[in-house]
Amino acid sequence: MTESLLQDRRTLWFVTSLTILLFAVANLPWQLDDYDQAKQAFTSFQMIKEGRWFYQQTPHEHVATKPPLVGWISAGLFAITRSWDLAWRLPSFLAAVAIAMLLFRVATSAYGAVPGLIAFGAFGLNLLSPRVATLVRTDMPLAMVIFLIGLLIRQKIRDETEWRLRDQVYIFALLTMAMLIKGPIVYAFLLPGITLFQWRYGRARPPTSAEATAGGPSAPSQSAWSGWWPWIASLCVFLLWVIGGILFTPGFFDQVVMREFIARFGETIHRPQPLYFYLPHLLHKFAPWSLLMIGVAVFGLVSRRWRIGAAFREMSPETFWLLCWSLGGLIAMSLIPSKRVDRIFPIVPPLCLLLAAQIAKRSSCSHGSVSRPSESVDFDSTGHSPSQSYGEAGRAVATESVATRIYRWSAVALAVATLFTGGYTIFKIGSSYRDHRDALVVFGRNVRHEAEAHRWRYEVVSAKDEGLLLYLRKTHFIESDHAVVEWSGGNLDALVVSTEKTPALLGELRDASPSSLKSNETKKEQGRDYVLITR
C-alpha cells in the first residue's frame, strides 16, 4: 500500500503543487529588510535608473560586492514585466522551479519513479528551499548553475566517456555564469568533490597483459575532471571584471577584493563561526530528509556488519560522485571562517539526488508497474551494488523486505515534511503580517501615490534602512543639511524622515509639518519608523 501511494500520480501532483506554492509564498509579505536583499535589488535598480551596468553601489553608496549577472537578468525582467517585485524575485523563483523539475527528471530516469518523487519532495519540502526561492539574493541562481555542472560531470561518469571539446565548452559557459553570479566560490562547491573522485578513480587503468596480448583496449575512463582550460578561462573572465573595478571604480579594491573576498578567510572583519556550524543547521533545516539519509545509510551498514570499506568498494562511481560532490562542498565551506546558513544551499540538490540513489530498489526485486532503467540495477538501500555472496532466492526476498521498509520510511518522511514545512510556512507568514514586516513597503507605496497625486518633489533623508530607497524608488539618500538647503530654496515639497530625526528637522524647515503618512510597525525599533513631512 505504501508503494502504491508513492507511485500514485496524484501524490506527485500534490507534492508538485505544494512545492511551487511554498516557493511562491514562503517570503510573504515581500520586503527587502533582511538577508542583504536591498543590496542585491539595488544593483538592477541602478542599472535601469543610472546606467551602471558593470559596477554598482549599495544604497549607502558603498561599492556593490557581487558580480552583475543576476542584476542584468533582473533588469531584463523589469523591461518585460515593468514590476520591480517580479524582476527582483523571478530569477530565484524560476531557478528553484528549474532545479526541482530537473532533479525529478534525472532521479526518475536513473533510479525509478518512487526515488524520483522522494528526491523532488526532499528539495521542495524543507526549511531552506522555500525560503531561498524568492529571496532577492544570488544563492538559488548559483545553486542552479552548480547543479548543472555537477549533472554534466555525473553524466560523463555514468556513460564512461572522455571529455570532448563540446563538453568542455559547456563547463566553461556554466563556470563563467557562476563566476559572474558570485565569484570563485563555485570552486568550493565542486573542486573538493572532483579531487576526491579523481583520487579514487583517476584515469583509465592500463590494459592487463591478457588484454594487451589480445589487443584489447584499456578500461573505460571515469573522470570527473574536464581539463584545466574551462576553469582557468572562466576565472580569467571574472578577473577581467575585477581588474576593471580596481581601475575604474574608487574603493573597489578595499571593499570588494580585500573586505568581501580575502577577509572571508580571516577572523577580523567578518564574524567567524565554528568549524561545525553548517552541520547542525543542515541537519535541522533539511529535516526530515537528513534523518532519512542517515537512517538508510546506517541500515545499510548494519546489514553489512559495519564493513565500511566493503560499502565503498561496492558503491557505483555515479553514487560515489554524488557523495564526493555533497561532502566536498560541505567540508570546503566549513573551512571558511565567515559562515551563514543560506550559503550552504548549493549542496542541497546533490544531497536530494544522493537520497534517491540510497532508496533505489534492488534489481532483483520486481514490483509490477514500477519501471526502472537498467542503469539503476546496481543500487541497494545505501546506493551500493548488492553483494555477490547473496543467493538469488535469498537476495530477492531480502530486497523485497528492504524495499518495503525503505518505502515506508520514505512515505513517513514525505508526510512529516509536508506537515512540518507547510505548517512552519503558514506560521511564519502569519507572524510576518501580524508584526507588519512589510510596514516600510506599504509606507513607500503610499508616499509614492501621494507624491504622484500632488506632484510633489520629494527626497529621502539618510536612514539606516537600505530598502527604504527602493520602496520610494529613489537612487540616493540626502543628508539633513542638504535637505534644509533644498527645502529653503523651494526645490522640495516633501521629505521622508525617520522619527528620530524629525524633531530637529522641523525646527529648521519653514512651513513644514508632519503628514498623516507614517510607517506602522508593531515591533518598534529605534530609527525604524518614518514620517512624511510636507509644506
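## Contacts and overall make-up

A contact means heavy atoms within 4.5 Å. Among contacts in the protein chain between residues at least 6 apart in sequence, 75% join residues at least 24 apart. This is a predicted model, in which local features need pLDDT of at least 70 and side-chain atom pairs count only at pLDDT 80 or more, while totals for chains, interfaces and linings use all residues. Residues are numbered from 1 along each chain as its sequence is written, and side-chain values use heavy atoms, with hydrogens and water left out.

The protein chain has 23 helices and four strands; these are DSSP runs numbered from the N terminus, helices being H or I of at least four residues and strands E of at least two. Of the 535 residues in the protein chain, 55% are buried (under 20% relative accessible area, 1.4 Å probe, protein chains only).

## Helix α9

After α9 comes G183, with a positive phi near 85 degrees.

## The sheet

The four strands of an open sheet follow the order β1-β2-β4-β3, with mixed pairing (strands pair if DSSP finds at least two bridges between them). Its edge strands, β1 (458–460) and β3 (513–518), each pair on one side only.

Strands β2 (residues 494–498) and β4 (residues 530–534) run antiparallel and are joined by five bridges. A494 has T534 of β4 as its bridge partner.

Terms used. Buried < 20%, exposed > 50% of the residue type's maximum accessible area, 1.4 Å probe, protein only.
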